[in-house]
Amino acid sequence: MLYSKLGDIFMFNYFFISTQKLVLAIIIATCIVGVGVFLFVFFAKNRHVKKQVCDLSKKYDDLHNLLVIQLDSDLKRVYNISQLNVEYEAIYNMNMNMYNEVLSQEDANAKEAINELNKLLLEKKYKQIIEEIPDVRIKVNELEDKCNKVSKSVNDIINTDDNRQEILRYRREFREIKDNFESKRNELKYIESSFVQVFDKIESYFSEAETLLAGAHYEESKEKFPEIEHVIEALGKELD
């Protein structure tokens with residue numbers, strides 16, 4: 001009887017201790033998982049913050065390079081155009097003023113904001129970075145809008161000049177062909193009307209191209225060039 005009671009007490013203590021160990025193991029495992037999840041979320045969030053700073057920094061660098069390399073080069077070309085054509089002087093000055101304004105305001109503001117973000121990143125002040133990012137993104141987007149505006153304005157000038165120069169080249173070639181025709185007019189009197197019809201057709205091509213160019217339809221204007229070139233080459237061969 002005594003042994004039976006001792007056995008019961010032993011079994012009770014055994015199961016009690018085992019239960020305590022089990023509960024303790026569950027608590028420890030839960031803590032480990034909780035800490036693991038916390039660390040995962042913490043580092044994942046920090047990686048996301050770092051990526052946002054990196055993306056904004058790259059976007060700013062691309063826009064800054066567009067300003068100081070590409071647009072600077074394009075504006076020098078517009079300046080050269082303005083030296084040959086007085087009509088472009090005021091246009092060049094307007095675009096140069098726009099460029100300088102973007103460089104001194106939007107670019108400077110975005111640069112300062114990006115530098116501050118990278119400084120906070122070095123100091124690992126992630127909470128402050130999260131608070132600053134929306135304002136920095138606004139400044140970078142403002143820079144992008146202004147860069148695109150200046151870039152479009154400058155490209156329009158260059159496209160206009162490129163197309164105009166191309167039209168002038170074709171007109172010179174066309175004038176040479178007409179001069180050649182005039183010098184051989186007596187020899188070609190029986191087919192003179194055919195040449196005149198072709199000349200009129202080329203003039204209509206020139207008119208269409210120049211009208212499109214005046215309306216800033218640069219690609220559409222350029223599409224007329226192959227037609228003009230083809231007819232001019234054909235006429236040149238006929239008159240040789």
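Residues are numbered from 1 along each chain as its sequence is written, and side-chain values use heavy atoms, with hydrogens and water left out.

The protein chain has 7 helices and 0 strands. Helices (H or I, at least four residues) and strands (E, at least two) are DSSP runs, numbered from the N terminus. Of the 240 residues in the protein chain, 27% are buried. Take the contacts between residues at least 6 apart in sequence: 79% of them join residues at least 24 apart. A contact means heavy atoms within 4.5 Å.

Next, confidence. pLDDT is the predictor's confidence in each residue, from 0 to 100. Its mean over the protein chain is 82, with 81% of the residues at 70 or more. Which element has the lowest mean pLDDT? Helix α1, residues 2-84, has the lowest at 67, while α2 has the highest at 94. Where pLDDT is low, the predicted coordinates should not be read in detail.

Now α2, residues 89-104. This helix has 16 residues and spans 22 Å from first C-alpha to last, close to the 22 Å expected at 1.5 Å a residue; the expected span is 1.5 Å times one less than the number of residues. Buried in α2 are Y92, N95, Y99 and V102. Down the helix axis, the buried residues of α2 fall within an arc of 95°, so they line one face. That arc is taken from the directions from the helix axis to the C-beta atoms. On the face turned away from the buried side, α2 carries the exposed residues A90, N97 and S104.

Then α5, residues 192-214, with 23 residues and a reach of 33 Å, close to the expected 33 Å. The buried residues of α5 include F195, F199 and F206. Among what covers the buried residues of α5 are α4 (126-183), α6 (218-222) and α7 (225-239).

That brings us to the rings. The structure holds 7 aromatic pairs. Rings of Phe, Tyr and Trp (its six-membered ring) pair if their centres lie within 6.5 Å; planes under 30 degrees apart count as stacked, over 60 as edge-to-face and the rest as tilted. F174 and F199 make an edge-to-face pair, 5.6 Å centre to centre with 70° between the planes. F174 is in helix α4 and F199 in helix α5, so this pair ties together parts 25 residues apart in sequence. F174 counts as buried, at 2% relative accessibility. The rings of F174 and F206 have centres 5.9 Å apart and planes at 45°, so that pair is tilted. F206, in helix α5, is 32 residues from F174.

Which residues do ring pairs link into a cluster? They are F174, F181, F195, F199 and F206.

Notes: This is a predicted model: local features need pLDDT of at least 70, side-chain atom pairs count only at pLDDT 80 or more; totals for chains, interfaces and linings use all residues. Buried means under 20% relative accessible area, exposed over 50%, partly exposed in between (1.4 Å probe, protein chains only).
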